[in-house]
Amino acid sequence: MTRNILSILLALIATQVGAQEIIHLWSEGNIPDAIADATYHEDTIRGKNGAPRVSRVTDPTLYVVRPAKGTTDRHAAVVICPGGGYLYLSYNEEGIDVANRLAKEGFTAFVLKYRLPSEQIMKNKSIGPLQDAQRAIRLVRANAKKYDIRPDRIGIMGFSAGAHLAASASTLYDQKVYDTTTDTTSARPDFSVLGYGVLSLQTNKTHKGTRERLIGGTGKKERDLEIRFSPIDNIDAATPPAFLFHAADDNAVPPVLSNIYQQRLQAQGVCSELHIFAQGKHGFGLGNGLRAAEWVDLFVGWYAENF
């Protein structure tokens with residue numbers, strides 16, 4: 001299958017913003033549990049503010065942005081999962097823009113363009129995004145020397161549904177969601193950064209669209225999946241340290257989910273920090289023009305203090 005046009009355009013952009021390359025997660029024709037469908041093509045739509053949103057992903061990739069010149073290289077990586085309710089990816093605002101900002105702070109950033117749940121191209125849509133997230137962590141860790149990254153300093157970051165994926169990768173890293181016979185590197189992130197995350201799929205606590213797109217209806221099977229894919233219910237002492245942020249006026253994803261996640265980490269003795277900003281609503285990304293923009297500096301301080 002010919003690589004899509006968006007990947008080619010991003011490769012051209014990479015030369016302008018300091019990215020080194022685009023990594024394809026899976027070799028051609030080897031995406032696990034994929035269903036071939038010639039009518040399903042990647043698409044880019046525009047949000048209300050005109051920013052591009054990527055949908056119908058078929059070729060998951062990592063877009064690499066290295067530390068900016070003149071900054072102190074932290075020799076640490078962050079895999080970034082843009083949000084979009086598992087319907088699309090806010091690829092620029094919660095992906096590339098964030099990667100460029102982190103590069104200025106000395107991190108090597110990898111923007112994950114993951115497949116969105118779809119029975120049209122997946123045998124099991126509930127694990128499709130997690131397959132890509134686990135594979136991304138493994139690829140970055142396996143290539144740590146190439147990118148001058150410490151293999152024990154590989155984190156995952158996400159926003160909204162992307163934070164659900166990042167938290168799932170942090171609590172389900174030891175679950176086998178694809179054949180790892182030749183892919184044995186650890187998929188456990190060393191830390192996570194969770195922005196206004198959908199951290200539960202329980203019907204009375206979650207963002208309805210995110211839940212429905214990932215697991216479907218409300219039958220027994222779906223109720224079992226609710227528990228499996230509710231990160232707040234799967235925290236233990238081995239869950240990676242986490243930095244969380246949310247807005248108190250978020251009317252799409254309840255801020256209490258971030259509270260619960262952080263409290264349960266504390267109960268297990270896991271390092272964590274949570275910031276609830278008074279304003280920002282949902283999907284504020286870098287928070288430009290808001291006090292919520294402080295989350296980046298707060299995260300950098302938390303990281304420096306704990307790693």
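Is Ser 90 buried or exposed? Ser 90 is buried, because its relative accessible area is 8%. Buried means under 20% relative accessible area, exposed means over 50%, and partly exposed lies in between (1.4 Å probe, protein chains only).

This is a predicted model, in which local features need pLDDT of at least 70, side-chain atom pairs count only at pLDDT 80 or more, and totals for chains, interfaces and linings use all residues. Residues are numbered from 1 along each chain as its sequence is written, and side-chain values use heavy atoms, with hydrogens and water left out.

Stay with Ser 90 for a moment. Ser 90 sits in the loop between β5 (77–81) and α2 (92–104). Helices (H or I, at least four residues) and strands (E, at least two) are DSSP runs, numbered from the N terminus. Ser 90 touches Arg 53, Pro 82, Gly 83 and Gly 95, not counting residues up to four places away in sequence. Contact means heavy atoms within 4.5 Å.

Of its 15 lining residues, Arg 53, Tyr 88, Ser 90, His 282 and Gly 283 are the closest to its centre. The lining divides into 2 nonpolar, 10 polar and 3 charged residues. Here Ala, Val, Leu, Ile, Met, Phe, Trp, Tyr, Cys and Pro count as nonpolar; Asp, Glu, Lys and Arg count as charged; the others, Gly among them, count as polar.

How are pockets and cavities found? On a 1 Å grid over the protein atoms alone, a cavity is a set of points where a 1.4 Å probe fits but cannot get out, and a pocket is an open set with protein on both sides within 12 Å along at least five of seven lines; lining residues have an atom within 4 Å of a point. Grid points are joined across faces, edges and corners, and a volume is the space filled by probe spheres set on the points.

Now look for a cavity. The structure holds 1 cavity of 30 Å³ or more. The largest cavity has a volume of about 30 Å³. Its lining is made of Tyr 86, Ser 126, Pro 129, Leu 130, His 164, Leu 165, Ser 168, Leu 214 and Phe 229. Two or more of the lining residues come from each of α3 (128–142) and α4. The largest share, 3 residues, comes from α4. By class, the lining has 6 nonpolar, 3 polar and no charged residues.

11 of the 11 residues of α4 (residues 161–171) are buried, so the helix is largely enclosed by the rest of the structure. Among the buried residues are His 164, Leu 165 and Ser 168.

Tyr 261 belongs to the largest nonpolar core, which has 89 residues. A nonpolar core is a set of buried Ala, Val, Leu, Ile, Met, Phe, Trp, Tyr and Cys residues joined through side-chain atoms within 4.5 Å. Ile 80, Phe 110, Leu 112, Tyr 261, Trp 295 and Phe 299 touch the most other members.

Next comes strand β9 (residues 242–247), where 6 of the 6 residues are buried. In a regular strand the side chains alternate between the two faces of the sheet. Ala 242, Leu 244 and His 246 point one way from β9, while Phe 243, Phe 245 and Ala 247 point the other way. Two strands pair if DSSP finds at least two bridges between them. β8 pairs with β9 in the parallel sense over 4 bridges, and Leu 194 stands opposite Leu 244. β9 also pairs with β10 (residues 272–277) in the parallel sense, over 6 bridges. There, Ala 247 has Phe 277 as its bridge partner.

β2 (residues 43–46) and β3 (residues 52–55) pair in the antiparallel sense over 4 bridges. Thr 44 stands opposite Val 54. The two strands form a hairpin with 5 residues between them, and Gly 50 in the turn has a positive phi of about 85°.

Arg 56 is partly exposed, with a relative accessible area of 30%. Tyr 196 counts as buried, at 0% relative accessibility.
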